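Here is a short report for a first look at a structure. Please keep the sequence and the model in view while reading.

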Amino acid sequence: MGTFKEDKHEANQEYYPEKIMKKCVICLCSILVCMAGGTLLLWWGYEYHPTNSQLWMVPSGLILLVTPVIAWVAAVVSETCNCKVEDDDSKTNELVV
């Protein structure tokens, strides 16, 4: 039994492997979606580009290719901009007048 900060640190370490596993699964799914979009675009380019048919494959492939990248950039930027103050004196949820 220690201070609040020590207890909080121990609690964070307890769930640490689960957080890593969850992030790895999400990353793997994002990579698979990007690969599916790239494969769709490559297939269209190889098979249908000379005749300009099956044009629905191009926007679908681009959406699948780019959407996970945009989501990861947004998540990383929001995480870096999230300021966490560890002081007990400062109250970030109070309105400052």
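## A starting point

Where is the place of glutamine 54? Glutamine 54 sits in the loop between α2 and α3. Its phi is near 55°, a positive value in a residue other than glycine. Glutamine 54 counts as partly exposed because its relative accessibility is 35% (buried means under 20% relative accessible area, exposed over 50%, partly exposed in between, with a 1.4 Å probe and protein chains only).

Asparagine 52 is found in the loop between α2 and α3 too. Its phi is near 50°, again positive in a residue other than glycine. With 48% relative accessibility, asparagine 52 is also partly exposed.

## Model and confidence

This is a predicted model, in which local features need pLDDT of at least 70, side-chain atom pairs count only at pLDDT 80 or more, and totals for chains, interfaces and linings use all residues. Residues are numbered from 1 along each chain as its sequence is written, and side-chain values use heavy atoms, leaving out hydrogens and water.

The mean pLDDT (the predictor's confidence in each residue, from 0 to 100) of the protein is 80. Of its residues, 69% reach 70 or more. Confidence is lowest in helix α1 (residues 4–14), at a mean of 56. It is highest in α2, at 91. Where pLDDT is low, the predicted coordinates should not be read in detail.

## Overall make-up

The protein has 3 helices and 0 strands (DSSP runs numbered from the N terminus: helices are H or I with at least four residues, strands are E with at least two). From the N terminus on, the order is α-α-α. Buried residues make up 9% of the 97 residues.

Take the contacts (heavy atoms within 4.5 Å) with a separation of 6 or more: residues 24 or more positions apart account for 50% of them.

## The α2 and α3 pair

Two packed helices are described by the angle between their axes and the distance between the axes. The axes of α2 (residues 16–47) and α3 (residues 57–81) come within 8 Å and cross at roughly 155° (axes are lines fitted to C-alpha atoms, for helices over the stretch in contact, and angles run from 0 to 180 degrees between N-to-C directions). The two helices are therefore roughly antiparallel (an angle over 145 degrees).

Which residues meet? In α2 they include Ile26, Cys27, Trp43 and Trp44; among their counterparts in α3 are Met57, Val58, Pro68 and Trp72. By class, this contact has 16 nonpolar, 5 polar and no charged residues (Ala, Val, Leu, Ile, Met, Phe, Trp, Tyr, Cys and Pro count as nonpolar, Asp, Glu, Lys and Arg as charged, and the others, Gly among them, as polar).

## Valine 69

Valine 69 is found in helix α3. At 44% relative accessibility, valine 69 counts as partly exposed. Valine 69 and isoleucine 31 are 38 residues apart in sequence. In space they are 9.0 Å apart, C-alpha to C-alpha.

Notes. Angles under 35 degrees count as roughly parallel, over 145 as roughly antiparallel, 65 to 115 as roughly perpendicular and the rest as oblique.
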